Amino acid sequence: MPAGEHEFVVVANRLPVDITVAEDGSLDWERSPGGLVTALAPIMQKNDGAWVGWSGKVDLEHEPFDAEGMRLWPVTLSGDEVARYYEGFSNATLWPLYHDVIVPPEFHRTWWNTYASVNRRFAAAAAEAVAPGGTVWVHDYQLQLVPSVLRLLRPDVKIGFFNHIPFPPLEIFTQLPWRQQVVEGLLGADLVGFQRPGDAANFLRAVRRLTDLQVRGPQVTIPGRWSRPDRTVRAQAFPISIDAESFDQLARTPEVVERAKRIRAELGNPDVLLLGVDRLDYTKGIRHRLKAFGELLEDGQLRIPEACMVQVASPSRERVDQYRQLRDEVEVTVGRINGDYGTLGRAAVHYLHHSYPVEEMAALYVAADIMLVTSLRDGMNLVAKEYVAARSDLGGVLVLSEFTGAADELTHALTVNPHDIDGTKATIMRAVGMEKKEARRRMRGLRRRVLEHDVQRWADDFLGYLAMSVPTPPEMGTVAAQPTTPEQSTEAASGTDGRTATRTRKQEAP
Ligand code: G6P
């Protein structure tokens with residue numbers, strides 16, 4: 001296969017822009033908010049990067065184009081492919097399977113076949129884009145077969161894979177009829193990154209059980225064939241983070257601080273404002289949180305209007321059955337709590353089924369006394385980290401589910417088991433009654449962690465390990481920006497700019 005020209009290629013299910021097509025066929029795009037693109041943009045610019053992904057639109061065909069200082073490489077998906085690869089296999093098979101089977105995963109051979117063929121298409125696009133000896137970084141559960149397909153097409157490139165969601169225990173993973181193919185797909189990479197050490201351990205256990213390969217510590221050895229030498233695959237945790245400094249700065253701006261005050265005033269200046277912010281997903285434990293809050297009102301431990309809750313539930317995967325069902329359940333529960341405990345002009349739960357701009361989210365975080373993150377299973381949970389980054393005033397208390405990746409790092413939070421409703425209620429009341437001094441001490445500890453371990457450092461760590469994991473022939477380069485010490489990586493993090501910029505550009509149709 002002829003090589004492309006990009007030293008660094010990111011492959012993710014979605015492109016990092018929201019695209020709209022005008023009537024004359026021209027494209028408009030706006031950078032979609034998200035830590036991943038913010039962390040990778042400087043590396044892309046330095047290394048002539050390309051980003052391979054789906055536009056989010058059915059049947060959108062477009063040549064690669066330049067935006068945001070990188071080349072965007074759209075992969076086209078038909079309506080059938082969206083239904084089987086994205087809504088089906090990715091989000092109704094893998095997503096529930098990898099999240100502790102909170103809802104039953106569905107196994108359909110037609111979905112699997114489409115998942116495999118769409119993965120081949122992503123791999124072919126990456127193979128076309130990447131320069132000789134370049135680096136390809138593949139992201140998340142939608143694309144687990146890309147590493148092995150890409151290795152066949154382009155054995156000369158370094159391949160990294162990062163799984164943003166949990167990797168399940170063997171007993172659950174082995175339910176998947178195509179478990180072997182998935183493990184072999186991932187083993188096409190040189191470095192497979194996970195959120196938590198436990199996820200990496202689960203993966204290595206699956207490799208041991210499902211293959212004959214030798215596993216030593218974090219390394220798997222793949223024996224060479226013919227003239228090809230042995231190669232090793234490393235599986236390791238790299239906990240992802242947010243663009244903490246930008247978030248911190250944003251939350252300190254007078255506009256955000258003023259908006260936070262207005263939000264509180266609009267809610268009637270409650271003594272206790274509880275906040276939940278999630279994609280409307282059954283992994284997030286929104287119903288458990290509402291149940292705990294409802295019972296606290298019922299017991300009289302909390303009262304309206306002295307306390308109130310804001311729940312932002314941004315729309316997600318709305319064509320998948322389990323998500324539709326969840327929406328109905330959450331909305332019935334909110335309606336019931338408001339019916340029982342709300343008063344004229346004062347709701348108990350302010351439920352918002354929208355997405356908001358990052359400024360509004362920052363204002364909500366600054367306004368909230370208690371942030372409730374009650375996921376039943378969550379790869380990381382970046383909302384928890386955003387809340388912490390927004391609280392330079394050292395106010396607020398974070399209540400955090402022990403089933404999030406973030407709980408491994410955010411040890412100064414109040415942790416809860418969201419299945420234990422009494423325990424969750426007791427923890428919420430502990431947060432309500434917490435002395436200012438203790439709350440500030442905890443927030444200070446949380447902020448130290450989040451500000452030091454930001455998304456830039458995460459990307460630099462991963463790419464640093466990837467560069468080290470493969471011997472590079474002298475004539476070939478490595479991707480820039482691989483600090484080796486925490487100090488260097490913090491310097492790298494503070495050297496980036498324009499991280500929250502959202503720009504719109506026009507692109508002519510070909
Ligand atoms: C999670 C996944 C991402 C995904 C995001 C939004 O964070 O790890 O891969 O992009 O949810 O979901 P969506 O299906 O809208 O892309």
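At 12% relative accessibility, Leu394 counts as buried, because the cut-off for buried is under 20%. This is a predicted model, so please read what follows with that in mind.

**Backbone geometry**
- As a reminder, most residues other than glycine have a negative phi, and most peptide bonds are trans.
- Leu394, in the loop between helix H13 (382-390) and strand E17 (397-401), has a positive phi of about 60° although it is not a glycine.
- Glu68 also has a positive phi, about 55°; its place is the loop between strand E5 (65-67) and strand E6 (70-75), and it is buried at 11% relative accessible area.
- Ile304 and Pro305 are joined by a cis peptide bond with omega about 10°, and Pro305 sits in the loop between helix H10 (286-299) and strand E14 (307-314).

**Ligand site**
- The residues surrounding the ligand include Arg14, His164, Ile165, Arg279 and Arg317.
- The shell divides into three nonpolar, two polar and four charged residues.
- A ligand oxygen lies 2.5 Å from a side-chain N or O atom of Tyr86, and a ligand oxygen is 2.5 Å from one of Asp140.
- For Gln142, the corresponding distance is 3.2 Å.
- Taken alone the ligand exposes 380 Å², of which the protein buries 69%.

**Helix H7**
- The 14 residues of H7 (197-210) should span 20 Å at 1.5 Å a residue, and the end C-alpha atoms are 20 Å apart, which agrees.
- Its buried residues include Phe203, Leu204, Val207 and Leu210.
- Among the elements covering the buried residues of H7 are helix H6 (179-186) and strand E12 (231-237).

Notes. Residues numbered from 1 in each chain as written. Predicted model: local features only at pLDDT ≥ 70, side-chain atom pairs only at ≥ 80, totals over all residues. Heavy atoms only, no water. Helix = DSSP H or I, 4+ residues; strand = E, 2+ residues; numbered from the N terminus. Expected span 1.5 Å × (residues − 1). Buried < 20%, exposed > 50% of the residue type's maximum accessible area, 1.4 Å probe, protein only. Contact = heavy atoms within 4.5 Å. Near = heavy atom within 4 Å. Polar contact = N/O pair within 3.5 Å; in protein donor to acceptor, adjacent residues only side chain to side chain. Areas by Shrake-Rupley, 256 points an atom, 1.4 Å probe, with all protein chains shown as cover. Nonpolar A, V, L, I, M, F, W, Y, C, P; charged D, E, K, R; others polar.
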